[in-house]
Amino acid sequence: MQLAAAALRQLAPGALYFVPGWRTPFKDLQPVPFGARRAMLGQALRAAGLAGRPEVKISSFEAGRRRVVYTYETLEHFGRRHPGAPLYFLLGSDCLDGFRNWRRWRAILKKASLLAGLRPGHALRASVEVPFVPLRGRFPRAASSGLRSALFLGKKPPAVSGAVLAVIEKKGLYLARERRLLERILSPGRFGHSLAVAGLALELAPGLGIPPQKAALAGLLHDCARELPAARVARLVPAKRTAAMRYKEILEKAPVLLHAWAGAGLAREKFGINDREILEAISLHATGAPGMGPLAALIYVCDLAAEGRGFREAALVRRLARLDLAAALRAANYVKLSYAFSGGGWVHPLSVSLWNSFQEKKKG
Ligand SMILES: [Fe+2]
Ligand SMILES: [Fe+2]
């Protein structure tokens, strides 16, 4: 937005187009409908004082193709639309370094001049191969991954205007819909715990190569069935019960554990989740299981170690998780088993198998 404002001042162009792509820039999200993105962009333009200027336009060219559209194609489109007019392509200096990896980058340079704004940490270096027109000013970069995490957790980052936040809320974007549904079925305390689990999962996910939206969803929903009446929980447990679940034994000895499997059922039914890894993470968050996938391991650790847990081991496991998730997984399992043994309770065989799998790995 700041780049656009500077370009308007410096070049006074006849037209300045914002061209949202077909896919959201947050690649792991479902594509947000163009209408919603245009509404958000419109609000951001208003906040930046650019709305209502006749030369500022939002183009549906890329979003309307329903496929990834390359920049050279977009420039061809605007070249046809404004024959004979000089075209400029606006970008931050951080994009110049990798520009030669762009699809048909030479074709881009033939069709348009690059208009580059200085981003901190990316000097505007003159280059024979990739010439550009420098934009006057400095343009701090909004940390998009931090923003996205904040939005997933329902926070209100100052970099996002109130009007944009209102659109996000109204359209249920960035998991606003899921959080709303969840808030209706959980007590405030449990909802807060779910946000804390999602927050820690979001913090750790990038280092593990896990898509942030998956981490956030699994964290938010892991306890979605925790406060439902027992009869509803029993109905939600998937009909295809595996032998490893020990359904009959759980019912008799530790029915509370059923909320994990029931949670996966509810996530599918009420929240429309079909992602196998998310459903696995919800199903196994209470017991753990040997061989569980990376997302399931992450949520198992985060459930035990999230902010707000009242036992002292939580903070220790949290610290460990930031250094070594595999070690944190072993520690979380140890803490859970220790509490179960000292309390004299029944321990689910999957939790014991998880412990045994660590010992076998040590030997192997
Ligand atoms: Fe739980
Ligand atoms: Fe939990």
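The legends below describe close-up views of a predicted model.

In this predicted model, local features need pLDDT of at least 70 and side-chain atom pairs count only at pLDDT 80 or more, whereas totals for chains, interfaces and linings use all residues. Residues are numbered from 1 along each chain as its sequence is written, and chains are lettered from A and ligands numbered from 1 in the order in which they are written.

**View 1. The division of the protein chain into domain 1 and domain 2.**
Domain 1 covers residues 2–163 and domain 2 covers residues 175–363, with bounds that come from an automatic or database domain assignment. The centres of the two domains, taken over C-alpha atoms, are separated by 40 Å. Eight residues from domain 1 and 13 residues from domain 2 take part in the contact, where two residues are in contact if their C-beta atoms, placed from the backbone, lie within 7 Å. On the side of domain 1 that touches domain 2 there are three nonpolar, three polar and two charged residues (Ala, Val, Leu, Ile, Met, Phe, Trp, Tyr, Cys and Pro count as nonpolar, Asp, Glu, Lys and Arg as charged, and the others, Gly among them, as polar).

Strand S4 (residues 113–118) pairs with S5 in the parallel sense over four bridges, and leucine 115 stands opposite valine 133 in S5.

**View 2. The packing of helix H8 with helix H14.**
Helix H8 (residues 188–208) and helix H14 (residues 294–305) pack at an angle of about 140 degrees, with their axes 9 Å apart. H8 and H14 are therefore oblique to each other (angles under 35 degrees count as roughly parallel, over 145 as roughly antiparallel, 65 to 115 as roughly perpendicular and the rest as oblique). Their crossing is right-handed; a crossing is left-handed if the near helix is turned anticlockwise from the far one by less than a right angle, and right-handed if clockwise. Val197, Leu200, Ala201, Leu204, Ala205 and Leu208 in H8 meet Pro294, Leu298, Ile299, Cys302, Asp303 and Ala305 in H14, a contact with eleven nonpolar, no polar and one charged residues.

**View 3. The packing of H14 with helix H16.**
H14 and helix H16 (residues 325–343) pack at about 55 degrees, with their axes 9 Å apart, and are therefore oblique to each other, in a left-handed crossing. The H14 residues Ala297, Leu298, Tyr300, Val301, Leu304 and Ala305 meet Leu325, Ala328, Leu329, Ala332, Val335 and Lys336 in H16.

Key
Axes fitted to C-alpha atoms, helices over the stretch in contact; angles between N-to-C directions. Helix = DSSP H or I, 4+ residues; strand = E, 2+ residues; numbered from the N terminus. Pairing = 2+ DSSP bridges.
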